[in-house]
Amino acid sequence: MTRASAPTSPAPATISRLERVLRSGRFAVTAELDAPDSADPADVYKNALVLAEVCDAINATDGSGANCHMSSLSCCALLTRAGYEPVLQVSCRDRNRIAIQGDLLGAAALGVRNVLCLTGDDVTYGDQPEAKRVFDFDSIQLLQVARTMRDRGVFLSGRKLTTPPRMFLGAAENPFAPPYDWRPHRLAKKVAAGAQFIPVQTQYCFDVPRFERFMQGVRDLGVHEKVFILVGVGPLRSAKAAEFMRTRVPGVWIPDALMDRLNKTPKNRQAEEGKQICIEIIQQ
């Protein structure tokens with residue numbers, strides 16, 4: 001992911017490595033870790049190893065696509081133990097407010113400093129659609145609660161914390177889903193609720209002109225001066241994979257022109273073409 005904008009407010013005395021990189025104005029890179037279908041910590045470290053030397057932080061997914069994998073909290077605990085910089089994902093889909101607040105305290109105690117607050121994909125997208133939805137919070141309410149715990153040192157009930165958690169708070173945004181004009185305003189709400197960084201990463205950017213229009217709306221509201229925005233990019237392995245993503249993965253938008261480009265490329269060269277498209281998007 002590339003840093004698209006940076007606020008100028010001063011950093012606190014104790015901050016995460018990711019926050020320090022962003023506030024320094026350097027080109028920041030994060031990547032998502034594929035949480036394994038395994039109880040073996042070696043599978044986490046194997047996936048992290050290829051990312052560690054090129055990333056400022058590793059984002060541990062929390063049941064992405066409403067599919068079950070090793071939990072984000074467990075992955076983050078393992079990553080922290082190995083000296084990596086993790087980003088904890090917290091999805092509102094699976095836990096109520098009691099469990100979520102407990103997880104935030106536990107993560108902070110384990111040394112996790114970065115928290116990405118998500119509403120979560122609906123269970124109908126996953127491989128266990130009969131699972132019960134919780135959605136006690138949405139992402140904006142979760143941000144407010146996490147900020148309250150950090151800044152006021154209390155639970156949502158008002159009960160005092162002995163030691164508040166130190167957290168660099170993030171929230172996702174998708175510029176590629178309608179209604180497009182509403183997206184900058186929703187981003188502004190998340191920033192007002194406490195979001196300090198916004199990874200546009202759960203939905204990769206394949207349409208730069210549409211992203212430019214989104215960012216113009218963000219600038220018109222002055223939000224770009226209050227939050228770090230990181231743009232998600234990723235290579236497409238084939239035209240078939242691209243078609244699956246745009247029809248089956250929630251929130252993903254891949255323009256027809258890009259699909260035509262992949263379909264006109266011989267199958268044995270589509271992975272290389274997908275990589276070239278990704279490079280062009282990064283350059284833009």
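Is Cys 205 buried or exposed, and what is its relative accessible area? Cys 205 is buried, with a relative accessible area of 3% (buried means under 20%, exposed over 50%, partly exposed in between, with a 1.4 Å probe and protein chains only). The model is predicted, so local features need pLDDT of at least 70 and side-chain atom pairs count only at pLDDT 80 or more, while totals for chains, interfaces and linings use all residues. Residues are numbered from 1 along each chain as its sequence is written, and side-chain values use heavy atoms, without hydrogens and water.

**Cys 205**
- Cys 205 lies in the loop between β7 (197–200) and α7 (208–220); helices (H or I, at least four residues) and strands (E, at least two) are DSSP runs, numbered from the N terminus.
- Leaving out residues up to four places away in sequence, Cys 205 touches Phe 176, Phe 211, Val 231, Gly 232 and Ile 281 (contact means heavy atoms within 4.5 Å).

**Helix α3**
- Ser 72, Cys 75, Cys 76, Leu 78 and Leu 79 are buried in helix α3 (residues 72–81).
- These residues are on the same side of α3, because they cover an arc of only 165 degrees around the axis, taken from the directions from the helix axis to the C-beta atoms.
- Their cover includes β2 (30–33), α2 (41–52), β3 (57–60) and β4 (86–91).

**Strands β5 and β6**
- Strand β5 (residues 114–118) runs parallel to β6, joined by four bridges (strands pair if DSSP finds at least two bridges between them).
- In β6 (residues 168–171), Phe 168 and Gly 170 point one way, Leu 169 and Ala 171 the other way, and all are buried.
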